[in-house]
Structure formats: C-alpha cells, structure tokens
Amino acid sequence: MSEELISKKDLLELAGISYGQLYRWKRKDLIPEEWFVRKSTFTGQETFFPKEKILERIIKIQTMKENLSLDELADMFSPNIKNMEFEKDELIKRNIVSTTVMNFYMENEKGGQKFNILRMLEIFVLEKLLQSGDINLDEAKTVLEVLKANTQSIQQKSCDILITRKLGVSSCFLLVNAEDIYVEKGTKIVSQVSLMTSMEELKAKLL
C-alpha cells in the first residue's frame with residue numbers, strides 16, 4: 001500500500017501558498033522534516049510530499065492560524081510529550097473517552113487515576129478503534145500492549161498503529177516513519193491510525 005505523493009510545484013499551486021510560507025512552516029516545525037521527500041526525476045532532484053497528509057496539515061494551519069500563533073500551532077502538532085495531566089473523570093467529562101472504554105483501559109493498564117498526555121493518547125486511540133467497530137476487546141488489549149512497549153518511539157517519531165487480519169487471526173504493528181506498506185497475500189488491513197494525527201486531535205480537544 002503506497003502513499004500517493006505530490007510534487008512541491010503542484011502542492012504550492014493546489015494549496016494556494018507560496019514557497020516562502022511552506023518553508024516558514026517547516027522552520028516552525030508545523031510540517032515534519034520527514035514529509036519532505038527528495039526523489040530523482042528526469043529534470044534532477046525534486047521534492048515531493050505525502051499528498052493526503054500535507055494537504056490536511058495545510059488546511060489545519062490555514063484554519064487555526066487566525067486564533068493561534070505559529071508557536072502554539074507547532075506545540076499542538078508536535079509529537080513530543082508535554083507535562084500535562086488530567087483526572088480520569090475529567091477525560092470522560094470532556095468526551096475524550098467513554099466510560100466503557102475508560103473502565104476497560106483501567107482494568108487492563110492498571111495505572112493511577114491521573115493521566116499524562118501519553119496515557120491520554122493511548123486511551124484516545126483505543127476509543128477511536130473500539131467505537132468504529134474495527135477491533136474487539138481482545139484486539140484492543142494487543143493494541144495497548146504495542147503502545148506501551150514503544151513509548152520512546154511514539155514520543156519522538158511519526159508513528160502509525162496498523163492492524164491486520166488473516167484467516168480470522170489479527171496482528172498489531174507499530175509503523176515508524178513508514179511510507180510504503182506491503183502485506184502478505186490474503187492479509188486484510190483492518191485499520192491504520194496515525195498517532196501524530198491522533199495527538200493533534202487530542203490536543204485540540206484539550207485546548
């Protein structure tokens with residue numbers, strides 16, 4: 001499963017932005033460095049971007065920059081984990097998570113009542129996957145195990161949770177800075193969740 005790319009020239013034209021704006025946003029860390037993909041073409045080296053991700057990001061920047069500074073936007077888009085804590089009841093009250101998924105998480109994770117941003121991300125991802133019907137409770141346990149086992153990568157890099165199923169047997173993987181995904185014949189990709197996007201959605205709810 002290859003991600004569709006868009007050239008820098010086509011991106012600037014389609015998004016209606018200038019070269020200067022694009023690279024200013026890059027310097028401010030609003031657009032991740034790894035999204036600038038250098039490829040050889042018949043005219044030489046050109047820069048390409050993951051089309052869906054970059055267009056979604058530009059729309060968000062243009063929509064939110066009226067109310068937030070570029071530094072505030074960079075903080076929201078950053079995958080880095082900040083010192084932020086909420087009580088579990090406050091997360092339910094803010095509709096970050098349902099009571100059912102919170103109870104499931106507390107039973108399996110066995111942590112305290114206070115949630116830092118990383119635990120909030122874990123429960124937010126589980127909420128999305130369970131409410132969508134993409135996974136069952138047993139699969140949710142596996143997702144939680146994968147998230148817990150890879151906290152360092154999740155804090156520092158662009159990661160996706162990938163859930164596959166073959167012959168009724170599911171598997172969960174953490175993809176780090178992945179561009180192309182190849183799966184075995186007969187394997188179905190059940191769900192792919194960007195942790196960077198999920199973090200952005202979570203922070204937006206918490207602001």
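Q: What should I know about the model before reading values off it?
A: It is predicted: local features need pLDDT of at least 70, side-chain atom pairs count only at pLDDT 80 or more, and totals for chains, interfaces and linings use all residues. Residues are numbered from 1 along each chain as its sequence is written, and side-chain values use heavy atoms, with hydrogens and water left out.

Q: How many salt bridges does the structure hold?
A: There are 15 salt bridges. The criterion is a side-chain nitrogen of Lys or Arg within 4 Å of a carboxyl oxygen of Asp or Glu.

Q: Which residue does Asp-71 meet in a salt bridge?
A: Asp-71 meets Lys-28, at 3.1 Å from N to O. This pair links distant parts of the chain, 43 residues apart: Asp-71 is in helix α4 (residues 70-77), and Lys-28 is in the loop between α2 (19-27) and β2 (37-41). Helices (H or I, at least four residues) and strands (E, at least two) are DSSP runs numbered from the N terminus.

Q: And Lys-28, what is its relative accessibility?
A: Lys-28 has 30% and counts as partly exposed. Buried means under 20% relative accessible area, exposed over 50%, and partly exposed in between, with a 1.4 Å probe and protein chains only.

Q: What about Lys-88, which residue is its salt-bridge partner?
A: The partner is Asp-89, with the closest N and O atoms 3.4 Å apart. Lys-88 is buried at 17% relative accessibility, whereas Asp-89 is exposed at 52%.

Q: Which helices hold Glu-201 and Lys-128?
A: These two form a salt bridge, closest N and O atoms 3.1 Å apart. Glu-201 lies in helix α10 (residues 195-206) and Lys-128 in helix α7 (residues 117-132), so the pair ties together parts that are 73 residues apart in sequence. Glu-201 is partly exposed at 30%, and Lys-128 is partly exposed with a relative accessible area of 30%. Elsewhere, salt bridges that share partners join Glu-56, Arg-57, Lys-60 and Glu-200 into one network.

Q: Switching to strands. What is the order in the open sheet of three strands?
A: The order is β1-β3-β2, with antiparallel pairing. Two strands pair if DSSP finds at least two bridges between them. β1 (5-7) and β2 are the edge strands, each pairing on one side only. On average, neighbouring strands of this sheet are turned by 45 degrees against each other, direction ignored.

Q: How many bridges join β2 to β3?
A: Five, and β3 covers residues 44-50. Glu-46 in β3 is the bridge partner of Lys-39.

Q: Where do β6 and β7 come in, and how many bridges join them?
A: β6 spans residues 159-166 and β7 residues 169-176; they run antiparallel and are joined by eight bridges. Thr-164 stands opposite Ser-171 in β7. The two strands form a hairpin with two residues between them, and Leu-167 in the turn has a positive phi of about 50 degrees.

Note on methods
Axes fitted to C-alpha atoms, helices over the stretch in contact; angles between N-to-C directions.
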